Amino acid sequence: MIRSSTIFVTGLCLFIALILFRVKYEVMALELQHRQINRTIQETKETLHILKAEWALLNEPARLQRLAVKYLPGMKPLKSAQLISFDDLLGGEAGYDKAALEDLIAEATINNDAQAKHDKD
């Protein structure tokens with residue numbers, strides 16, 4: 001006759017075997033997930049590398065200069081009279097030359113209207 005300890009040990013071995021079987025497949029699933037995540041990380045790094053290269057190309061000063069000449073023909077460098085301090089905006093003591101500012105606005109409006117008319121024709 002089989003002793004109860006033999007039945008207990010056999011049952012324990014079967015239980016441990018089932019647990020190991022389950023753990024094995026969980027580990028395999030986690031390894032697959034790990035490989036997929038690493039693949040995604042690598043693809044993202046490659047994409048970032050490409051985007052950085054494209055950004056460097058798009059921000060090349062010579063290219064930007066050509067685009068500025070092509071698309072912003074009426075733009076001129078700022079004049080010192082066009083710049084005011086933040087304090088002047090808030091009504092500081094020094095203030096700003098209101099007449100000069102209005103002249104600049106009028107000049108810009110005239111130039112903008114002329115450019116729009118030229119582009120329309």
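Biologist: Hi! Is E26 buried, partly exposed or exposed?
Modeller: E26 is partly exposed, with a relative accessible area of 39%. Keep in mind that this is a predicted model.

Biologist: How far apart are E26 and R22 along helix α1?
Modeller: They are four residues apart, so about one helical turn separates them. R22 counts as exposed, at 59% relative accessibility.

Biologist: Nice. Changing topic: how many aromatic pairs are there in the whole structure?
Modeller: One. F21 and Y25 make an edge-to-face pair, with 4.8 Å from centre to centre and 65 degrees between the planes.

Biologist: And where do F21 and Y25 lie?
Modeller: Both are in helix α1, four residues apart, which is about one turn of the helix. Y25 is partly exposed, its relative accessible area being 43%.

Biologist: What about a nonpolar patch on the surface, which residues form that?
Modeller: F8, V9, L12, F15, I16, I19, L20, V23 and V27 do, and together they have about 830 Å² of accessible area. One of them, L12, is found in helix α1 and is partly exposed at 40% relative accessibility.

Biologist: Last one: where in the chain is confidence lowest, and where is it highest?
Modeller: The lowest is helix α3 (residues 86–89), with a mean pLDDT of 70, and the highest is helix α1 (residues 4–58), at 95. The chain averages 85, and 83% of the residues score at least 70.

How values were computed: Residues numbered from 1 in each chain as written. Predicted model: local features only at pLDDT ≥ 70, side-chain atom pairs only at ≥ 80, totals over all residues. Heavy atoms only, no water. pLDDT = per-residue confidence, 0-100. Helix = DSSP H or I, 4+ residues; strand = E, 2+ residues; numbered from the N terminus. Phe/Tyr/Trp six-rings, centres within 6.5 Å; stacked < 30°, edge-to-face > 60°. Buried < 20%, exposed > 50% of the residue type's maximum accessible area, 1.4 Å probe, protein only. Patch = residues over 30% accessible without salt bridge, like charges linked within 9 Å, V, L, I, M, F, W, Y side chains within 5 Å. Areas by Shrake-Rupley, 256 points an atom, 1.4 Å probe, with all protein chains shown as cover. Salt bridge = Lys/Arg side-chain N within 4 Å of Asp/Glu carboxyl O.
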